[in-house]
Amino acid sequence: LKEGGYLVSATQPVAQEEAAAHRVSGVMMRLAPTGELLGRIGRLLEEGTIRPDVATVYALEDAAQAWKDIARNLPGVHGVSASESGGARPRSHGKIVLRVTLREYEIRTRAYELFLARGAQPAVSLRIGFRQSASSRRSCGERIDSTPNIPS
Amino acid sequence: MIAVRLLEYGGQLVFTDVPLPAIARDEVLVKIRSTAVNHLDLVEASGSLKQILPIDLPWIPGHEFSGVVEQIGSDVAAWAEGDAVFGTTTGAGAYAEYGAVKAAPIARKPSNHSWS
């Protein structure tokens, strides 16, 4: 930033002493969008004038991992560890999206409800489950898939 | 509903079941399809700026969302159940299956774009 420049921070307040030492001005910005403004952005998206820039999509349940990955680009935030390897490829721009994917969660929950609805004793059912052949496992899967309107 | 919560400053995010939020008269309940991570989420969660950016713990992060209007408050005229929308929360609550959000900072989702 050149002398006399403006620093606009979206994530934290600007230390005024440090800004003064570098002969720059600094303010923190927070968004206060209105429906009207968002509507204009929506129309720009619709007509292709602007495009979304999505870096990575995570499932909502992987939010903790998403935070760890993003923390690598955010040094100095306390309490966020970025030590684990793997995860998202580093990118210098683009949004980290969290998709609310309920499918696996719903299937697990629904399977458990069916399991309880059959009045099965956990230990007995598990033993039967282990002895069942591949064909009976498939029929078990069909029961779950054919359940109408899993409540959302 | 399912949601991601922070229980304490500097803590881990927890994927958990929580009660459905109740909507105020000027709010709508949105079934959220996508939300997004902001650097500000991490700063707020770390507690390093809690003097100026305090959060109510346990806290569900999430400033923005796309989703479908599921229920409207009694003062809301602009939206109806089933509308596909995007918008911002008042600073929290979008890392969840449902969000109770103010009806004002919401717009119709562009039909030629995905939920993400």
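This briefing goes through selected residues and elements of the structure, grouped by topic. The model is predicted. There are eight salt bridges over all chains, and the largest nonpolar core has 38 residues. Helix α3 of chain A is largely enclosed by the rest of the structure.

**The nonpolar core**

- The largest nonpolar core counts 38 residues, and those with the most contacts inside it are Trp67(A), Leu98(A), Val28(B), Val37(B), Phe65(B) and Tyr95(B).
- Elements that each supply at least two residues of this core are α3 and β4 of chain A, together with β1, β3, α1, β4 (64–72) and β6 of chain B.
- Leu98(A) has contacts in both chains, if residues up to four places away in sequence are not counted.
- In chain A, Leu98(A) touches Tyr58(A), Ala59(A), Leu60(A), Ala63(A) and Ala66(A).
- In chain B, Leu98(A) touches Arg33(B), Ser34(B), Thr35(B), Ala36(B), Val37(B) and Tyr95(B).

**Helix α3 of chain A**

- Helix α3 of chain A covers residues 63–71, and it is largely enclosed because seven of its nine residues are buried.
- The buried residues are Ala63(A), Ala66(A), Trp67(A), Lys68(A), Asp69(A), Ile70(A) and Ala71(A).
- Within chain A, the buried residues of this helix pack against β3 (54–59) and β4 (95–99).
- They also pack against β1 (2–6), β2, β3 and α1 (39–46) of chain B.
- Trp67(A) is one of the buried residues of this helix, and Trp67(A) is also among the residues with the most contacts inside the largest nonpolar core.

- Ser34(B) lies in strand β3 of chain B, which spans residues 27–37.
- Ser34(B) counts as buried because its relative accessible area is 4%, under the 20% limit.
- The side chain of Ser34(B) makes a polar contact of 3.2 Å with the side chain of Ser116(B).
- A polar atom of the Ser34(B) side chain also lies 3.3 Å from the backbone oxygen of Trp115(B).
- Leaving aside neighbours within four places in sequence, Ser34(B) is in contact with Val97(A), Leu98(A), Arg99(A) and Val100(A) in chain A.
- Thr88(B) belongs to strand β5 (residues 84–88) of chain B and is buried, with a relative accessible area of 15%.
- Not counting residues up to four places away in sequence, Thr88(B) touches Pro33(A) and Leu38(A) in chain A, and His63(B), Glu64(B), Phe65(B) and Pro105(B) in chain B.

**Salt bridges**

- Asp26(B), Glu27(B) and Lys102(B) are linked in a network of salt bridges.
- In the bridge between Lys102(B) and Asp26(B), the closest N and O atoms are 3.2 Å apart.
- This pair links distant parts of the chain, 76 residues apart: Lys102(B) is in strand β6 (residues 98–102), and Asp26(B) is in the loop between β2 (13–17) and β3.
- In the bridge between Glu27(B) and Lys102(B), the closest N and O atoms are 3.6 Å apart.
- This second pair also links distant parts of the chain, with Glu27(B) in strand β3 and Lys102(B) in strand β6, 75 residues apart.
- Glu27(B) is buried at 12% relative accessibility, whereas Lys102(B) is partly exposed at 30% and Asp26(B) is partly exposed at 35%.
- In chain A, Glu36(A) forms a salt bridge with Arg40(A), with the closest N and O atoms 3.9 Å apart.
- Both residues lie in helix α2 (residues 35–46), four residues apart, about one turn of the helix.
- Glu36(A) is exposed at 53% relative accessibility, while Arg40(A) is partly exposed at 45%.

**A nonpolar surface patch**

- Tyr6(A), Val8(A), Val27(A), Met29(A) and Leu31(A) make a nonpolar surface patch of about 550 Å².
- Val27(A), one of these residues, lies in strand β2 (residues 25–28) of chain A.
- Val27(A) is partly exposed, with a relative accessible area of 42%.

**Backbone features in loops**

- The peptide bond between Leu57(B) and Pro58(B) is cis, with omega about -10°.
- Pro58(B) is in the loop between α1 and β4 of chain B.
- Arg23(A) is not a glycine, yet it has a positive phi of about 55°.
- Arg23(A) sits in the loop between α1 (16–21) and β2 of chain A and counts as exposed at 56% relative accessibility.

Definitions and conventions. Residues are numbered from 1 along each chain as its sequence is written. Chains are lettered from A and ligands numbered from 1 in the order in which they are written. This is a predicted model: local features need pLDDT of at least 70, side-chain atom pairs count only at pLDDT 80 or more; totals for chains, interfaces and linings use all residues. Side-chain values use heavy atoms; hydrogens and water are left out. Buried means under 20% relative accessible area, exposed over 50%, partly exposed in between (1.4 Å probe, protein chains only). A polar contact is a pair of N or O atoms within 3.5 Å; within protein, one must be able to donate a hydrogen and the other to accept it, and residues adjacent in sequence count only if both atoms are side-chain atoms. Contact means heavy atoms within 4.5 Å. A salt bridge is a side-chain nitrogen of Lys or Arg within 4 Å of a carboxyl oxygen of Asp or Glu. Patches are made of residues with over 30% relative accessible area and no salt bridge: like charges are joined within 9 Å, nonpolar side chains (Val, Leu, Ile, Met, Phe, Trp, Tyr) within 5 Å. Accessible areas come from the Shrake-Rupley method with a 1.4 Å probe; for residues, only the protein chains shown count as cover. A nonpolar core is a set of buried Ala, Val, Leu, Ile, Met, Phe, Trp, Tyr and Cys residues joined through side-chain atoms within 4.5 Å.
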